[in-house]
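Hi everyone, thanks for coming. Let me put the structure up, and then we'll walk through it together.

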Amino acid sequence: MPYDSIVCVKQVPDTANITGEAMKADGTVNRAALPTVFNPDDLHALEVALRVRDQYGGTVTVISMGPPKAGDVLRECLFRGADRVILLTDRRAAASDTLATSYILSCAVRKVGRYDFVFCGRQAIDGDTAQVGPQCAEKLGLPQVTYLEEVVELRDQTARLRRNVGNGWELVEVRLPVLVTVLDTAGLVRPAAARRVARFKRGRTPSELLIEVSRENPDARDEDKEREALRRAEGLRARGLVLDEWNLDDIGADLQWCGLSGSPTKVHRVQSIVLTKQGYTEIPATEAGVRQLIQELIVDHTLG
Amino acid sequence: MIGVNRNGEVWVFAEQEDGALHDVALELCGRARQLADRLGVKVGAVLAGWNVRELAYRLIAHGADKVYLVEHRKLDHYQTQPYARVMCELIGRHQPQIVIYGATPLGRDLAPRIASEMKAGLTADCTALEVADVTDPKTKTVHRNLLLQIRPAFGGNIIATIVNYDRWPQMATVREGVMPLLDPDPRRQGEIVAEEVGLRDEDFPLRLIERHREPRKVNLKGARTIVAGGGGVGSKQNFQMIHELAGAVGGAVGASRAAVDGGFVGKEHQVGQTGTTVRPALYIACGISGAIQHRAGMEESAKIIAINWDREAPIFSVAHYGLVGDLNEVIPRMVKALKERQTGAADAAETADAGWSAD
């Protein structure tokens, strides 16, 4: 029998290749100076969903919450085989912590409607929290299976899933629907298919079109820009190249649970630890020297 | 969520598997003890499972005043929803102000489910917890005695301090091995409070079909701290010192090719171009000269300490801290200093403000 999957993906700054230039003087991160990538775990979540579809039939719908630039990762999903992609973008969702993010994503998943699986990457490399998946599961009232490495078997409305629990693995059985978070050890990810790249590379969300028009005609009046963006969208729509875009109203989100007001955690302070190293500090190899070194490492949180 | 409750206890989720407590539960008891003393409240540990009562005494010896014990045959093996049900029930009943969990695969599976149901804040993977007054920059309101939840973020490039003003409990997961394991005090007195939580069949949506546990492997990639030894360590016997330092700092053991070729340690420990490439928060290179092949595998570490008798060794060119001396003397001094750090980060901060002296 066919299975329908929803995959949540995120576009993230490439934190693995960060340099001093990406840090502002106040110690915060200059996100604009960083290249963006498809969050690695999420690529595996997409792959697992595509394999389920390839083997059993069904559909794969991808949702990404983020600024309009996240259209990049949604096109990536189309290139690799997703059936439908949805950009979830709204300025009022900015500054959401993991709780607010999972609330917003859960509203979007509900709006998609029918599904057997929700797949998420285990965690995103900009925050490394691994919280959004389980929190979405709770908001949707679904069981959660974290750290998936393999969908072992699907039979009717029952799935057998193998999860890696760090010191070993477990094979669990669960009734669908279920939310699953996927590890990057879940096997190889397929590349983009050339035929699909040729077909979908011109796909755009409405807000991407508006940004393009504004860039080309910076002095035009706003209503003219909007009219031109709509005209371009009409041209693309006939070819199925307008990507879905939803805001918080479209998904019926209650604003008190979104953005800053929906976020119980607040960032109190941020310190940069990207080191601009010029030579090393020589520590006297004495007992006092060693003790002071250890204390310094505790104070700067290198040691707990 | 629960409201601000300044008389609330400081809670630890006591992770156990097959009747054995996870070390992180005991580490957290020690830190919770320090936080609770500062706040003038009690430490509670929540222990859920089946036939686990014996473990309560260890939690008490490590700092708990109360152990909330939930025993149920079906809690024998962990699964998310019933454990979350237990925690949410007890949090609602007793209104703790702080709840901390180990940032283990289990803790990171459980805590967000609870946070979502409680609509409370949660900070992942903390490396330090402190208590301080915090002023809200918008409203200028002063929030007294908040939990500062300190964690690396952005791929380890920044350290963020997170707070939760009023949607309590204040919750965090804490990495394994970063809070020192305090010596147990078997004379400590505590209370075991048996709790009933109604669990229904629908709270158990997962069926465990098969389970496989592996002994811990060398995990250089995931280690936050690596202590590596090189040819300068001299012998397999002497390499024991590297294992000791790694134990004291809670890190993994690495090695240069020279140490592997010398038979001091297995090849699975090798760091470098032909071994594993690592980028831990701290890399301690002991008796490693620092050939380019080795440096290529570790120079991205956030902090590097090099210990070598040879001032000209190339390892110092990538080091942030260098100790020129005999590692047979330096390493035991480090082990001793690490074992003395039992008062925790907050207290150390006050004494270390002076920084490096000029001598």
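I'll start with the ground rules, then go through a sheet, its helices and the contact between the chains.

This is a predicted model, where local features need pLDDT of at least 70, side-chain atom pairs count only at pLDDT 80 or more, and totals for chains, interfaces and linings use all residues. Residues are numbered from 1 along each chain as its sequence is written, while chains are lettered from A and ligands numbered from 1 in the order in which they are written.

Let's begin in chain B. There, seven strands form an open sheet with parallel pairing, in the order β7-β11-β6-β1-β4-β5-β12. Strands (E, at least two residues) and helices (H or I, at least four) are DSSP runs numbered from the N terminus, and two strands pair if DSSP finds at least two bridges between them. At the edges, pairing on one side only, are β7 (122-126) and β12 (191-194) of chain B.

Looking inside, β6 (98-102) and β11 (170-174) of chain B are parallel partners over five bridges, with B:Tyr101 bridged to B:Thr173.
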